[in-house]
Amino acid sequence: MTVVHAEDFPVRNRLAELGLSVEGIEDALRKAESERNFCTPLDPVSLPGNIFWGRTIRFLRETYIPDGWTSASPSNLPLIVAPSGSFAITASSGSSETGYAALTPSTRYAKGNAVMKRVEANRQLLLFGETEAEPEPQDAGDGIPTWFLLYHHSKTDQGTRLYAELSFPNDTGNRGKISSWYERIVLPWIDFEGGFTPFADEDDDDGGIDIPIERLS
């Protein structure tokens, strides 16, 4: 059964255990949205999603690297790695269920091999724990548990609402979409009034040559 943290104190407490905060994550998302707002309908339809995803990674790194976190990109998958080196975080657009404690989200579109290998590593860790076998040589950040910062934009009468959660997948799911979670930390939604709203049929590239382009509505 999935462990879900949705109330304010449990969310803040669990994030603190991971060395994170609601404010730190929200600040990164707000900055990413601000940069996304520079896009216009004359830009390629993929650009707003690409910018939001890429800037979310960048601003998370800028926020937490001063606290001892590090950046890594094994197999072109961008991560921010905890100071302990025991887990990492990446970002991905999520389905419309993202940010709702009572629903089960998935990644919005199928992921490539690099992401799936990380989810499989999560599953193996949960099933068998740490192994005593001699580890194979790996790139920085490889072979460690990985959390996903899922986000989803929804249009409102006033503008845009951004839902987000930090979630730990425990299975690769079907057809490349990640839809099974061991733990979810549901973050407060963020409202952006007026101005930019998501473009129709907008693509969202979750980065790297291994990961397919996604649509973000």
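Student: Which residues do ring pairs link into a cluster?

Tutor: Before the case itself, please note that this is a predicted model, in which local features need pLDDT of at least 70 and side-chain atom pairs count only at pLDDT 80 or more, while totals for chains, interfaces and linings use all residues. Residues are numbered from 1 along each chain as its sequence is written, and side-chain values use heavy atoms, with hydrogens and water left out. A pair of aromatic rings is described by the distance of the centres and the angle of the planes. Rings of Phe, Tyr and Trp (its six-membered ring) pair if their centres lie within 6.5 Å, and planes under 30 degrees apart count as stacked, over 60 as edge-to-face and the rest as tilted. Here, the cluster linked by ring pairs consists of Tyr 64, Trp 69 and Phe 87.

Student: How many aromatic pairs does a search of the whole structure find?

Tutor: The search finds 7 aromatic pairs.

Student: Is Trp 69 buried or exposed?

Tutor: Buried means under 20% relative accessible area, exposed over 50%, and partly exposed in between (1.4 Å probe, protein chains only). Trp 69 is buried because its relative accessibility is 3%, and Phe 87, at 11%, is buried as well.

Student: Which side chain does a polar contact join to that of Glu 183?

Tutor: The side chain of Glu 183 is joined to that of His 5 at 2.7 Å. Glu 183 is itself buried, with a relative accessible area of 7%.

Key:
A polar contact is a pair of N or O atoms within 3.5 Å; within protein, one must be able to donate a hydrogen and the other to accept it, and residues adjacent in sequence count only if both atoms are side-chain atoms.
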